[in-house]
Amino acid sequence: MKYSIEGEPLPVVICELDANEKMITEKGAMSWMSPNMKMETVGGGVGKMFGRMFSGESMFVNHYTAVGAPGMIAFASSFPGAIRAFEIEPGQDIVCQKTAFLASSFGVELSVFFQKKASAGFFGGEGFIMQKLSGKGVVFVEFDGYIKEYQLTAGQSLVIDTGYLAAMDATCSLEIQKVPGVKNMLFGGEGVFNTVVTGPGRVWLQSMPIGQMAGSLIPYLPAGK
């Protein structure tokens, strides 16, 4: 498969497939394609279906195959930001925000990433329910806004406001910490919890989480009648 990512900050990834090559996509992600691309909607087993639903994705995915000849298929981002391609190998998994998955080659597997600490599960919000991308192949994910990458050494940490964590290597660990001080929590305007990511591994942060943007726009929207 060959691909090109074009058009940021409203990007699209255009994939050129060999004859009979197959891709996995999120439901409704296809934007345009050649006529010989055949679609099949699959669930992948009850456990995987409910795991995908819990992580924020559809219970079903679509398989697209270039039938009988080379084919072309394109996937556009649903929000201004960036599309990134990751090479997934065994032991080199990526953990990303829920709903980030856009499409992948057929060897990539999508599952729910659970935090080990109970506090993360109860209080992590958007930072808790994340996706794990494993297997082998190329995966395309969409992030919100500008993307900043950090390389953390072993034991090095970043404190991140919930929602700004776009992705990280699975070698990193994640913990949810409460903002210290009652006054800071009530009047600081930064929320009650922060996400702490500790290396070793890469971390990708996004500058405009869709949830934050939606919250900022609410005061300017007309009240419903």
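Mentor: Begin with burial: a residue is buried under 20% relative accessible area, exposed over 50%, and partly exposed in between, with a 1.4 Å probe and protein chains only. F140 is buried, because its relative accessible area is 0%. Y3 counts as partly exposed, at 37% relative accessibility.

Trainee: What kind of model is this, and how are residues numbered?

Mentor: This is a predicted model, where local features need pLDDT of at least 70 and side-chain atom pairs count only at pLDDT 80 or more, while totals for chains, interfaces and linings use all residues. Residues are numbered from 1 along each chain as its sequence is written, and side-chain values use heavy atoms, with hydrogens and water left out.

Trainee: How do I read a pair of aromatic rings, and how many aromatic pairs does the structure hold?

Mentor: Two numbers describe such a pair: the distance of the centres and the angle of the planes. Rings of Phe, Tyr and Trp (its six-membered ring) pair if their centres lie within 6.5 Å; planes under 30 degrees apart count as stacked, over 60 as edge-to-face and the rest as tilted. The structure holds two aromatic pairs. In one, the rings of Y3 and F140 have centres 4.9 Å apart and planes at 80 degrees, so this pair is edge-to-face. Y3 is in strand 1 (residues 2-6) and F140 in strand 13 (residues 137-144), so the pair links distant parts of the chain, 137 residues apart. Strands are DSSP runs (E, at least two residues), numbered from the N terminus.

Trainee: Which residues form the other pair?

Mentor: F86 and W204 form an edge-to-face pair, 4.9 Å centre to centre with 80 degrees between the planes. F86 lies in strand 8 (residues 81-88) and W204 in strand 19 (residues 201-206), 118 residues apart. F86 is buried at 8% relative accessible area, and W204 is buried at 4%.

Trainee: How do I read a sheet?

Mentor: Strands of a sheet pair through backbone hydrogen bonds, either parallel or antiparallel. Two strands count as paired if DSSP finds at least two bridges between them. Here, an open sheet of three strands has the order 15-18-17, with antiparallel pairing. Strand 15 (157-161) and strand 17 (173-178) stand at the edges, each with a single partner strand, so one side of each is left without a neighbour in the sheet.

Trainee: How many bridges join strand 15 and strand 18?

Mentor: Strand 15 pairs with strand 18 (residues 193-198) in the antiparallel sense over five bridges. V159 stands opposite V196 in strand 18.

Technical notes:
Helices (H or I, at least four residues) and strands (E, at least two) are DSSP runs, numbered from the N terminus.
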